[in-house]
Amino acid sequence: MEIILKAENLYKNGILNDVSLEVIKGEMVAVMGPSGSGKSTLLYNISGMDMPDKGRVILGGKELTELSEDEKAELRLHDMGFVFQQMNMIENLNIIDNIMLPAVQAYREKKGNKSGEKALREKAVMLMEKMSVAGLENRKITEVSGGQLQRACICRSLMNNPKILFADEPTGALNKSASAEVMDTLVSLNKEGTTVFMVTHDSRMASRCGRILYLVDGSIQGELVIEKNLTAKQREDSVNEWLRKMEW
């Protein structure tokens with residue numbers, strides 16, 4: 001098994017306290033815990049968006065804690081995808097231009113010109129078809145539903161073929177139906193081989209993952225590996241029972 005991400009003894013401003021973890025390539029891992037337990041801080045520190053005070057993070061063989069800011073930015077652009085609760089799309093761009101934005105940026109940095117952007121648009125259209133948001137290319141971000149917009153954000157996160165997808169409360173701002181649609185999308189991507197590391201407060205969403213880490217006061221206090229052969233209800237029941245034991 002290939003370890004795609006490894007964190008060792010992370011400390012951060014009293015928020016993270018000696019956190020160590022590994023993520024295997026192709027895994028789908030959820031992080032749960034009470035409000036203020038450090039879940040989002042953990043995600044930011046293992047993805048290079050922030051840096052720990054102590055400890056180290058290794059992603060794809062590169063130690064993030066030893067890279068320059070420019071090198072970390074390049075790694076995030078090319079090797080990581082991000083999906084957030086706040087979708088952070090640019091209001092004066094249509095859906096497809098928002099999706100293409102990180103890929104266009106990466107292409108121009110590499111090639112120094114606009115040639116090839118037609119191929120990027122074709123890729124964006126393909127991803128939109130895959131995520132069931134085809135036909136919304138020219139819509140404004142205010143002209144689609146929350147679930148459609150979040151699936152467009154997932155398209156954006158996949159434009160540069162990331163090695164790992166980080167999701168911070170990806171269904172937190174959505175209703176039950178839209179949340180299920182977004183989780184279906186993430187699970188489908190994971191089944192195709194995309195590694196997913198997700199922070200969530202929703203036990204139903206977490207039950208769709210293969211493994212859950214439970215964070216309390218900045219430390220991992222528990223871990224649950226969910227059996228693959230369980231039904232959806234059995235998975236939910238198993239997770240809820242475990243969370244009760246963790247005093248959720």
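In which hand, right-handed or left-handed, is the crossing in which H5 passes H6?

Modeller: Bearing in mind that this is a predicted model, the crossing in which H5 passes H6 is right-handed. The axes of the two helices come within 8 Å and cross at roughly 20 degrees, and because angles under 35 degrees count as roughly parallel, H5 and H6 are described as roughly parallel to each other. On the H5 side, the contact is made by Gly-147, Gln-150, Arg-151, Ile-154 and Leu-158, while H6 brings Ala-178, Glu-181, Val-182, Thr-185, Leu-186 and Leu-189 to the contact. Sorted by class, the residues in the contact of H5 with H6 are 6 nonpolar, 3 polar and 2 charged.

H5, which spans 146-158, is among the elements that give two or more residues to the lining of the largest pocket, together with helix H2 (69-79), strand E6 (80-84) and helix H3 (95-111). That pocket has a volume of about 460 Å³ and is lined by 20 residues, with Arg-156 one of those that lie nearest its centre. H6, residues 176-191, provides the largest share of the lining of the second largest pocket, namely 3 residues. The second largest pocket holds about 400 Å³ of space, and its lining divides into 5 nonpolar, 2 polar and 6 charged residues.

Terms used. Residues numbered from 1 in each chain as written. Predicted model: local features only at pLDDT ≥ 70, side-chain atom pairs only at ≥ 80, totals over all residues. Heavy atoms only, no water. 1 Å grid on protein atoms, 1.4 Å probe; cavity = no way out; pocket = protein on both sides within 12 Å on 5 of 7 lines; lining within 4 Å. Points joined across faces, edges and corners; volume = space filled by probe spheres on them. Helix = DSSP H or I, 4+ residues; strand = E, 2+ residues; numbered from the N terminus. Nonpolar A, V, L, I, M, F, W, Y, C, P; charged D, E, K, R; others polar. Axes fitted to C-alpha atoms, helices over the stretch in contact; angles between N-to-C directions. Parallel < 35°, antiparallel > 145°, perpendicular 65-115°, else oblique. Left-handed = near helix turned anticlockwise from the far one by under 90°. Contact = heavy atoms within 4.5 Å.
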